[in-house]
Amino acid sequence: MNFHKVELVISAVKKSQFVGGDLPEIVFAGRSNVGKSSLINKVLNRKNFARTSSTPGKTATINYYLLDGCVHLVDLPGYGFAKVSKEKKRTWGVFIEDYFKFSENIALVFSLVDIRHDPSADDMDMVGFLKASGLPFVVIATKSDKLSKTAAGESLVNIRKKLELSDETPVIAFSAKTGQGRDEIIEIINKFDNKTEVKDAVPQSDD
Ligand SMILES: Nc1nc2c(ncn2[C@@H]2O[C@H](COP(=O)(O)OP(=O)(O)OP(=O)(O)O)[C@@H](O)[C@H]2O)c(=O)[nH]1
Ligand SMILES: [Mg+2]
């Protein structure tokens, strides 16, 4: 993957619009305003491709981006934003749950938490769910530019402890502003570049 070709496949608002097919899905989950869309933009080197907003709770759709024809990047709606109505919260919660329930191609989940805070109850639920589901996941601590290097380091230790992560689960400090952590994330996404394997897997004729 060279991260050059990216297109919005669909902004799904109901489960019948989940994409399906057989491409691996790399999912971005996290509470509203944590920086999911900003991270996707930074990784793709685009300005405002995945829509970002200073008004939390804007992305109520599940956005599928097709990257280099290889993988779907899936931008989930933010969970746990206090100011949306209870009813809206419930609907979004069910929608996110449905995504996990009915998506068979989830290859990896990036679980985003804010580096400045203790993980919220919703963050704990999300990570608890991921552990129980057995889905591979990586924790990303966002907005690292807002802390000093020392404070950021301490926060990574704290996040790992609070979320009770095993040593195998990476925690990556990321900043959409400085690009810290971008290379590491790209390296992880690149592991799902199956083009070579697909080509190699084509049966060879005998003659
Ligand atoms: N300083 C700083 N600000 C950031 C960073 N990432 C995101 N932001 C800001 O945080 C706000 C929310 O970012 P989004 O990327 O829209 O967050 P989101 O998780 O997609 O939010 P929802 O779509 O509502 O779930 C915006 O004002 C961003 O500019 C970062 O790494 N550093
Ligand atoms: Mg967003």
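**Exercise 1.** In which loop is the place of S144? Locate the residue, then state its burial and its contacts.

*Solution.* The model is predicted, so that local features need pLDDT of at least 70 and side-chain atom pairs count only at pLDDT 80 or more, whereas totals for chains, interfaces and linings use all residues. Residues are numbered from 1 along each chain as its sequence is written, chains are lettered from A and ligands numbered from 1 in the order in which they are written, and side-chain values use heavy atoms, with hydrogens and water left out.

Step 1: S144 sits in the loop between β6 (137-142) and α4 (149-162), where helices (H or I, at least four residues) and strands (E, at least two) are DSSP runs numbered from the N terminus.

Step 2: With a relative accessible area of 4%, S144 is buried; buried means under 20% relative accessible area, exposed over 50%, and partly exposed in between (1.4 Å probe, protein chains only).

Step 3: Leaving aside residues up to four places away in sequence, S144 touches I115, A173, F174, S175 and Q180, a contact being heavy atoms within 4.5 Å.

**Exercise 2.** Determine how many salt bridges the structure holds, and describe the one that D98 and K15 form.

*Solution.* Step 1: The count is 5 salt bridges, each defined as a side-chain nitrogen of Lys or Arg within 4 Å of a carboxyl oxygen of Asp or Glu.

Step 2: In one of them, the side chains of D98 and K15 meet at 4.0 Å, N to O. Because D98 lies in helix α2 (residues 86-102) and K15 in the loop between β1 (6-12) and β2 (25-30), the pair ties together parts that are 83 residues apart in sequence.

Step 3: D98 counts as buried at 13% relative accessibility, whereas K15, at 45%, counts as partly exposed.

**Exercise 3.** Work out which residues are joined with D114 into one network of salt bridges.

*Solution.* Step 1: The side chains of R31 and D114 form a salt bridge at 3.5 Å, N to O. Since R31 lies in the loop between β2 and α1 (36-44) and D114 in strand β5 (residues 106-114), this pair ties together parts that are 83 residues apart in sequence.

Step 2: D114 also meets R116 in a salt bridge, at 2.8 Å, N to O.

Step 3: D114 is buried at 4% relative accessibility, while R31 is partly exposed at 21% and R116 is partly exposed at 34%.

Step 4: Through shared partners, the salt bridges join R31, D114 and R116 into one network.
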